[in-house]
Amino acid sequence: MPDEGEVHSEAENNAGKWILLALAVIYVAGSLYFIFDLRGRLDKSDKDQAASKAQIAELTKRVQSTEAEAETLGQQVGITKKDLAARAAELQRQQRAAEERLAEQQKQQIGQVSGEVAGVKTEVGGVKTDVASTKAELEATKAKLESAIGDLGVQSGLIARTRDDLDLLKHRGDRNYYEFTLIRGAKPQPVSTISLQLKKSDQKKGKFTLNVTSDDRTIEKKDRNVNEPIQFYTGREHMLYELVVWGVDKSKATGYLSTPKNAPVPVTANQ
C-alpha cells in the first residue's frame, strides 16, 4: 500500500496537468478569437476600400462632368463677351448720333431765337422812334401852349389856341374843359354850370362881345380879343372859371370853358 507521501505527490502532478491543459485551451481559444477578429477586420477593410474606390470613381466622374460644364460655360461666356462688345459699340454709335442731332437742334434753335431777338430789337427800335417822334410832337404842341394873365389880373393856366391844344390840356387832367360854339343872336347856351351868349363878333379884328350868366347874374365881356383868358368867380366856393375863344367869324365864336377839378358838373353839360 502506497504511503501518504506518494499519494500527495501524484495529486500534485495531476493538478499541474490540468492547469497546463486549461492554459492550452485558453491559448487556443484566444488564438482562434484573434484569428477570427483579424479576418473580420480584413473583410471590413476590403469593403471600406471598395467603397472608397467607388466614391473616388464617382468623384472623378463628377469632376469630369464639372470640367465639361466649365468648358461649355467658358464658350458661352466668350460668346456673351462678344455680344456685349458689339452692343457697347452700337450704343456708343447711337449716343454719338444723338449728341450730333441734339447739337444740330440747339444750333437751329439758337439761330431761330437770334432771329426773333433781332426782330424784337427792330420792333423796339421802331417803337423808340415812334416814342421819340410822339415826344417831339408833344414838345412842339406844348411850345404852342402859353400861360397868360386873365382879364381879372390872375395868372391863367396854359391857353389852348386850337382843338388839338385843348385835347392836350384835357389829357393833362389839371382842370375840367368844356368846348363850345356860340351862334350870334341865339339864346344863352348852357356850358357847364353857366350860360354864354354871343352878342357881337368881328373876324377882321379878332374881337367879340359875349354875356356870361352865373349865379343868376349876367356879366358882359365887351370887345375881348381872341385867345384872351376871360376870368370870373362863381359858386358858393367862389371858384375861378376861365373861358377862351380861339376863333370868330361874322356869325359865331368857338372856344372852351375851363373849371377847377372839384367844380360842380351838371349831368346835361357837354364836355
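Predicted model: local features only at pLDDT ≥ 70, side-chain atom pairs only at ≥ 80, totals over all residues.
The structure holds four salt bridges, and I will go through some of them. In general, side chains of opposite charge can pair when their charged atoms come close. Arg 41 forms a salt bridge with Asp 37, and the closest N and O atoms of this pair are 3.1 Å apart. Both Arg 41 and Asp 37 lie in helix α1, where they are four residues apart, which is about one turn of the helix. Arg 41 is exposed at 59% relative accessibility, whereas Asp 37 is partly exposed, with a relative accessible area of 29%.

A second salt bridge links Glu 179 with Arg 163, with the closest N and O atoms 2.5 Å apart. Here Glu 179 lies in strand β3 while Arg 163 lies in helix α2, residues 163-172, so the pair ties together parts that are 16 residues apart in sequence. Glu 179 is partly exposed at 25% relative accessibility, and Arg 163 is also partly exposed, at 44%. There is also a salt bridge in which the side chains of Arg 172 and Asp 174 meet, at 3.1 Å from N to O. Arg 172 has a relative accessible area of 42% and is partly exposed, and Asp 174, at 44%, counts as partly exposed as well.

In soluble globular proteins, nonpolar side chains tend to be buried together. In this model the largest nonpolar core has 20 residues, and the members that touch the most others are Leu 196, Leu 243, Val 245 and Leu 257. Two or more residues of this core come from each of β3 (176-183), β5 (194-202), β6 (207-214), β8 (230-234), β9 (239-248) and β10 (252-259). Strand β9 gives the largest share, which is five residues. Apart from this core lies another one, of eight residues, and among them are Ile 159, Tyr 177, Val 244 and Tyr 256.

What is Val 245 in contact with, if we leave aside its neighbours within four places in sequence? The answer is Phe 180, Phe 208, Leu 210, Val 226, Asn 227, Ala 253, Thr 254 and Gly 255.

Next, consider how the strands are paired, taking β10 as our guide. Seven of the eight residues of β10 are buried, so this strand is largely enclosed by the rest of the structure. Strands β3 and β10 run antiparallel and are joined by eight bridges, and within that pairing the bridge partner of Leu 182 is Ala 253 in β10. Strand β9 also pairs with β10 in the antiparallel sense, over six bridges, and the two form a hairpin with three residues between them. In this second pairing, Leu 243 has Leu 257 in β10 as its bridge partner.

Another hairpin is made by β6 and β7. Strand β7 covers residues 217-225, and seven bridges join it to β6, with the two strands running antiparallel. Ser 214 stands opposite Arg 217 in β7. The hairpin has two residues between its strands, and in it Asp 215 takes a positive phi near 55°.

Asn 262 lies in the segment after β10. Is Asn 262 buried or exposed? Its relative accessible area is 59%, so Asn 262 is exposed. The C-alpha atoms of Asn 262 and Asn 176 are separated by 8.7 Å, although these two residues are 86 residues apart along the chain.

Definitions and conventions:
Residues numbered from 1 in each chain as written. Heavy atoms only, no water. Core = buried A, V, L, I, M, F, W, Y, C linked by side-chain atoms within 4.5 Å. Buried < 20%, exposed > 50% of the residue type's maximum accessible area, 1.4 Å probe, protein only. Contact = heavy atoms within 4.5 Å. Pairing = 2+ DSSP bridges.
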